Amino acid sequence: MDNPEKEWFGETPVTPDEKTKKVLGVFHNVASKYDIMNDFMSGGLHRVWKDRLIRMIRPRKDYKYLDIAGGTGDIAFRIRKATSPKTQITVSDINESMLSVGRDRAFDRGYIDGLEWVTGNAEDLPLPDNSYDVYTIAFGLRNVTHIDNALKEAVRILKPGGRFFCLEFSHVKDPMLAKIYDTYSYNVIPKIGELVAKDGDSYQYLVESIRKFPKPLELEERMKDAGFVRTKSTPLTFGVVCIHEGTVE
Ligand SMILES: C[S@@+](CC[C@H](N)C(=O)[O-])C[C@H]1O[C@@H](n2cnc3c(N)ncnc32)[C@H](O)[C@@H]1O
């Protein structure tokens, strides 16, 4: 099918507007089961990857943090744990349902001060220029309709010297492992989604969207085009995920 605007909802060609709306629908549907599904699908590995991201950030208490596509708060809570209740952390997401679960989880942990929750699209955020030291986006960039707009927005919001970290599903290089991974993701993940979240389609989207995400070197090029320097990609777990880094000069 001809798709001049060339956006994809998983493997289905859609217009940019349709993609944004469909992604909103996916996370609205899964919000209440999102955290438990992460554990089921990854066998708990998402926790290891998120912990690794935090170690790479080496959080300092006096920095200002922005967690985009922050969803139910996993990254913000880890930064908070590694810093202090006074550290300023903004959690932003386009989806109010995900943020609402996040706020409840923050309350349960007693995380009241220091955390700010902002509804917004990563492509056009209601946040000032040059205002954060660290920008994180975990398993979020893949879902954004125009990745390049989100990267430019990150450059705008970060202070000079500010650092960008993107944790995202990536591409398994080894052909044998890639086959096993494909079999698992196409056959098992949508079934787990059906059983646990009663929503196989949303998890089918997840699997398909991973394959559409740029490979590390392509993403690094796009990060440089957006204005980042000193870009670096660190694959984890045979390339199942990758941490992409960049700095604003
Ligand atoms: C897979 S979840 C990741 C949540 C959290 N960062 C984590 O690692 O558990 C993806 C999140 O991206 C958000 N998202 C999708 N498109 C977005 C956009 N354009 N701007 C901001 N957030 C977006 C979704 O609402 C969802 O909460």
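## Helices, strands and the model

In this report a helix is a DSSP run of H or I with at least four residues and a strand is a DSSP run of E with at least two, both numbered from the N terminus. By this convention, Arg 47 is found in helix H3. The structure is a predicted model, in which local features need pLDDT of at least 70 and side-chain atom pairs count only at pLDDT 80 or more, while totals for chains, interfaces and linings use all residues. Residues are numbered from 1 along each chain as its sequence is written, and side-chain values use heavy atoms, with hydrogens and water left out.

Arg 47 is partly exposed, with a relative accessible area of 42%; the term covers values between buried (under 20%) and exposed (over 50%), computed with a 1.4 Å probe and protein chains only. Arg 47 and Asp 74 are 27 residues apart along the chain, and their C-alpha atoms are separated by 8.7 Å.

## Surroundings of the ligand

Which residues come nearest to the ligand? Among the 18 residues around the ligand, they are Ala 69, Asp 93, Asn 121, Ala 122 and Ala 138. A residue is counted as near a molecule if one of its heavy atoms lies within 4 Å of it. The shell consists of 10 nonpolar, six polar and two charged residues. In this division Ala, Val, Leu, Ile, Met, Phe, Trp, Tyr, Cys and Pro are nonpolar, Asp, Glu, Lys and Arg are charged, and the others, Gly among them, are polar.

A polar backbone atom of Ala 69 is 2.8 Å from a nitrogen atom of the ligand. For Asn 121, a polar side-chain atom lies 2.9 Å from a nitrogen atom of the ligand, and for Ala 122 a backbone N or O atom lies 2.9 Å from a nitrogen atom of the ligand. On its own the ligand has 600 Å² of accessible area, of which the protein covers 97%; such areas come from the Shrake-Rupley method with a 1.4 Å probe, and for residues only the protein chains shown count as cover.

## Aromatic pairs

A pair of aromatic rings is described by the distance of the centres and the angle of the planes. The structure holds 10 aromatic pairs. Rings of Phe, Tyr and Trp (its six-membered ring) pair if their centres lie within 6.5 Å; planes under 30 degrees apart count as stacked, over 60 as edge-to-face and the rest as tilted. Why is the pair of Trp 49 and Phe 139 tilted? The ring centres of Trp 49 and Phe 139 are 6.3 Å apart and the planes stand at 55°, so the pair is tilted. This pair links distant parts of the chain, 90 residues apart: Trp 49 belongs to helix H3 (residues 45–57), whereas Phe 139 belongs to the loop between strand E6 (132–138) and helix H6 (147–157). Trp 49 counts as buried at 5% relative accessibility, and Phe 139 counts as buried at 11%.

The rings of Phe 164 and Phe 228 are also tilted, because their centres are 4.8 Å apart and their planes at 45°. Since Phe 164 lies in strand E7 (residues 158–169) and Phe 228 in strand E8 (residues 228–236), the pair ties together parts 64 residues apart in sequence. Both Phe 164 and Phe 228 are buried.

## Charges over rings

A charge sits over a ring if NZ of Lys or CZ of Arg is within 6 Å of the ring centre and within 35 degrees of the ring normal. Lys 22 lies over the face of Phe 9, at 5.3 Å from the ring centre.

## Two buried threonines

Thr 90, in strand E4 (residues 88–93), is buried with a relative accessible area of 2%. Its side chain is joined to that of Glu 116 by a polar contact of 2.7 Å.

Thr 72 lies in the loop between strand E3 (64–68) and helix H4 (74–82). Thr 72 is buried, its relative accessible area being 1%, and its side chain makes a polar contact of 2.8 Å with the side chain of Asp 35.

## Positive phi values

Arg 230, a residue of strand E8, has a phi near 45°, a positive value in a residue other than glycine. Arg 230 counts as exposed at 59% relative accessibility.

Thr 237 is likewise not a glycine, yet has a positive phi of about 50°. Thr 237 lies in the loop between E8 and strand E9 (241–248) and counts as partly exposed at 31% relative accessibility.

Technical notes
A polar contact is a pair of N or O atoms within 3.5 Å; within protein, one must be able to donate a hydrogen and the other to accept it, and residues adjacent in sequence count only if both atoms are side-chain atoms.
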